[in-house]
Amino acid sequence: MAAAPQQYRIPMASPAGGARAFEGSGGTDLELYREKFRRRLPDSLDDLQGPAEGCVEPPATVVWSGLRVFDLAKERQRMSLYRIVLAEGMRDDLSALLNRDILLRSWPTLRTLVSTTVRSVWEEHFLELRTLADVPPAQPPARRRRTHQGPAAA
């Protein structure tokens, strides 16, 4: 008789953006998911020595599809980069790509863009971020309307 294939449980993202533990697991899967992010944390926010201006091209191990170069002067691109790096980056990526001052300044808005798991792990570990939890997020920047500038517009 052949042995049944082993089943692996991987935490799934819930509609709220956090990790969802499987029924009957007693929260073990959620705790393993949280531990994944805890291991990546820098020892201090001072370790975040990433660029504060210019364009950033993260390695393909962090950003493997979509936009590949992020202009830090553009708020939407900066927030997108930080959201992706917090979710996908390893410890060295966090230190090389994130900047302490930008993270602190952006945290009230950024914390609404990351999963509940990432947010809670970072806020539990860093008092500076926890104190920003009650600061209301900034209003999103207005999108510029594109206008057609071709010959028919004249």
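Helices here are DSSP runs of H or I with at least four residues, numbered from the N terminus. This is a predicted model, where local features need pLDDT of at least 70, side-chain atom pairs count only at pLDDT 80 or more, and totals for chains, interfaces and linings use all residues. Residues are numbered from 1 along each chain as its sequence is written, and side-chain values use heavy atoms, without hydrogens and water.

**Stop one: the second largest pocket.** A pocket is an open set of points on a 1 Å grid over the protein atoms alone, where a 1.4 Å probe fits, with protein on both sides within 12 Å along at least five of seven lines; lining residues have an atom within 4 Å of a point. This one holds about 230 Å³. Select Tyr-33, Arg-83, Ala-87, Glu-88 and Ser-115, the closest to its centre of 12 lining residues. Helix 2 gives the most to the lining, 4 residues.

**Stop two: helix 1.** Now pick Tyr-33 and Phe-37, 4 residues apart in helix 1, about one turn. Their ring centres are 5.3 Å apart with planes at 90°, so they pair edge-to-face (centres within 6.5 Å, planes over 60 degrees apart).

**Stop three: helix 2 against helix 4.** Show helix 4, residues 100–110; its axis comes within 11 Å of helix 2's, crossing at roughly 90°. That makes the two roughly perpendicular (65 to 115 degrees). For the contact (heavy atoms within 4.5 Å), select Arg-78, Met-79, Tyr-82, Arg-83 and Leu-86 in helix 2, then Ile-102, Leu-103, Ser-106, Trp-107, Thr-109 and Leu-110 in helix 4.

Key: Grid points are joined across faces, edges and corners, and a volume is the space filled by probe spheres set on the points. Axes are lines fitted to C-alpha atoms, for helices over the stretch in contact, and angles run from 0 to 180 degrees between N-to-C directions. Angles under 35 degrees count as roughly parallel, over 145 as roughly antiparallel, 65 to 115 as roughly perpendicular and the rest as oblique. Rings of Phe, Tyr and Trp (its six-membered ring) pair if their centres lie within 6.5 Å; planes under 30 degrees apart count as stacked, over 60 as edge-to-face and the rest as tilted.
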